[in-house]
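Please look over the structure below with the following numbered points in mind. They take up confidence, backbone geometry, surface and core in turn.

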Amino acid sequence: MAFATTGSIFDRQSNRIQEVLNKSLRVFLAGLDPVWRDNVVTSQGVGNSGDLGRDLKITKLFMGSLTGVIEAGQGFGDKDLYGDVTSALGPLMHTQAASQAYPSPLEGPNATAYRLAIPMRSLVTNLMITLGEKQADATPALIDQVVAPKLTAFARNMAHTLCNYWYLSQNDTYKLCTITNATVENAIASGTHRITFQPDNQACHRFSRGQRVDLLWNKAPVLGKRINDSDDQDDSGLDLAGSTRGTRIQLVVENVDPLTNKVTLILQSGTSSTAISVLRDNAVGAAFISNINELNNDADVVYANSHLLDNKGGTTFKGIAGINSWLKAGDETTPKLLGAESDSTDYINVNERPEFKSFKYAVGGVLTEYNLKRYLQRVHSAFEPLGHTIDTLIASEGVWSAYESQKIGQYRIDRTNRVASITNEGQQEGFSFSFEGHTYKGHTSRFVEAGTMYGIKLGGKNWKKYVPPSPAGMSKMAQADAYVPFEFVAGALTGTGTNQLPVYDSSGGLTLVTQASQMPGRIRMQLVPDQVNGMKLTGITEDRVYMS
């Protein structure tokens with residue numbers, strides 16, 4: 001009896017053929033950040049594409065000083081109150097003087113307009129669909145679909161990526177986390193190539209199975225990149241000249257365990273043995289493999305190919321702006337809105353224009369109700385004269401748990417002539433905090449780094465999504481969320497209605513047809529707030545528990 005070839009698409013899908021009793025397929029995909037999904041997205045405005053100028057830059061114009069001249073009337077003899085000086089001309093008449101009654105308009109300052117140019121950003125994508133997968137979809141014996149779940153997982157990948165960008169910070173190279181408590185299964189020299197670790201920021205939900213990442217050691221690519229022996233290297237770091245897209249070692253998230261705050265990374269099984277041996281034999285790579293202590297607290301996980309020298313932006317990755325790109329307190333290396341991503345000419349330095357400065361404070365302990373009032377009071381006092389305010393507080397689960405625990409001593413259960421009841425105990429969903437006529441909504445995010453709280457303005461459609469217009473031939477994907485401005489580009493490239501382009505095999509010197517097709521696409525967008533300043537509290541004591 002013939003069977004599907006081992007490793008073929010039908011062999012891979014054998015668990016979904018008719019012998020299986022399950023009548024539906026459940027796709028387990030990581031859920032999105034509820035703060036992003038339920039608050040940021042729903043409160044988001046849409047920027048006018050007509051605001052996009054040359055080089056697809058969004059340009060905003062500001063004026064920030066007083067104009068005109070105002071002085072006390074007494075300095076001019078209170079002429080506006082009692083009139084000008086008069087002189088008697090006999091007992092029946094008088095004359096009037098005509099002296100200066102108002103200050104000179106030449107002494108008044110005039111506001112100089114200044115501009116903020118915001119560059120557009122993009123994400124480029126691709127997805128492979130094979131003829132075998134389409135054939136499996138068309139086979140009556142197959143219980144469920146193959147292509148549709150694949151497209152759904154691709155759409156969730158895009159949404160998860162945008163969710164991460166909302167919180168990632170350019171101040172620390174857009175890292176997802178730093179590795180702690182790492183273990184390496186059989187090291188790189190074996191055939192397993194697996195690393196399990198705990199994210200230092202306890203934000204394990206920033207990871208999801210199938211996510212492509214790179215690992216930086218001493219701020220230079222190690223896993224995820226091929227190390228070139230010809231480079232000038234030592235154990236303190238790497239020359240990045242050999243870190244190009246074509247020599248990348250594929251590093252993928254294999255598992256995420258939120259109960260223990262653990263993430264497992266695995267090298268793609270198809271990674272070339274040459275690239276592995278280069279990593280193993282290189283002095284820095286060998287040190288990395290043999291000394292696992294060097295990995296802990298000194299290795300960062302970043303998005304794949306985000307630290308390449310062969311991209312146009314050098315080694316500084318430039319992503320879609322999130323809250324950390326806008327909340328600047330003036331103590332940063334580049335104290336400009338958008339930081340290192342700011343426009344070279346039309347930028348705003350918050351030290352020169354403090355009306356755009358955000359309030360940052362290292363709490364260094366439990367966030368008490370009293371201290372929260374103090375911080376909000378400073379924000380309220382500084383922002384209100386500008387017509388600004390914040391309305392949303394976003395923090396990790398541990399921050400809110402510690403905040404709640406310090407209030408336990410204030411609780412009282414009234415049992416006077418009543419049956420004991422604790423039906424209303426616990427923390428209310430959608431925490432609300434009122435202070436000096438302002439109400440702040442508190443939300444828990446699984447994507448926020450440990451010990452951190454953000455205060456921003458979401459109301460009034462403060463945050464706007466800018467998307468450039470699309471040429472003819474572009475098509476959307478039904479599985480993508482409405483707020484993800486994704487589009488396939490094959491139709492525009494070919495002038496046809498297809499979303500797919502063939503994949504050819506040219507390894508033998510002749511371009512040959514394969515059964516695979518590719519679906520290139522892109523996301524072009526930028527998130528821009530009308531009010532940029534907000535609040536960021538760090539160093540807050542947490543209270544959370546994980547399985548050992």
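1. Confidence in the protein chain is lowest in helix H6 (residues 273–281), with a mean of 48, and highest in strand S25 (residues 535–540), with a mean of 96; the score is pLDDT, the predictor's confidence in each residue, from 0 to 100, and helices (H or I, at least four residues) and strands (E, at least two) are DSSP runs numbered from the N terminus. Over residues 17–25 the pLDDT is below 50, although this stretch has 16 contacts in the model beyond near neighbours in sequence, a contact being heavy atoms within 4.5 Å. Residues 309–315 likewise stay under 50, and for them the model has 12 contacts beyond four places in sequence. Where pLDDT is low, the predicted coordinates should not be read in detail.

2. For the chain as a whole, the mean pLDDT is 77, and 70% of the residues reach 70 or more. This is a predicted model, in which local features need pLDDT of at least 70 and side-chain atom pairs count only at pLDDT 80 or more, whereas totals for chains, interfaces and linings use all residues. Residues are numbered from 1 along each chain as its sequence is written, and side-chain values use heavy atoms, with hydrogens and water left out.

3. Asp-78 has a positive phi of about 50 degrees although it is not a glycine, and its place is the loop between strand S2 (58–62) and helix H3 (79–82). At 22% relative accessibility, Asp-78 counts as partly exposed, since buried means under 20% relative accessible area, exposed over 50%, and partly exposed in between (1.4 Å probe, protein chains only).

4. Lys-461, which is not a glycine, also has a positive phi of about 50 degrees. Lys-461 lies in the loop between strand S19 (453–456) and strand S20 (463–466), and with 46% relative accessibility it counts as partly exposed.

5. Which residues have the most contacts inside the largest nonpolar core? They are Trp-166, Tyr-167, Phe-197, Phe-207 and Trp-326, in a core of 72 residues, where a nonpolar core is a set of buried Ala, Val, Leu, Ile, Met, Phe, Trp, Tyr and Cys residues joined through side-chain atoms within 4.5 Å. Helix H5 (residues 147–167) gives the largest share of this core, 11 residues. Leaving aside neighbours within four places in sequence, Tyr-167 is in contact with residues including Asp-33, Arg-206, Ile-394 and Tyr-454. Another core, of 22 residues, lies apart from the largest one, and among its members are Phe-359, Val-379, Ala-395 and Tyr-403.
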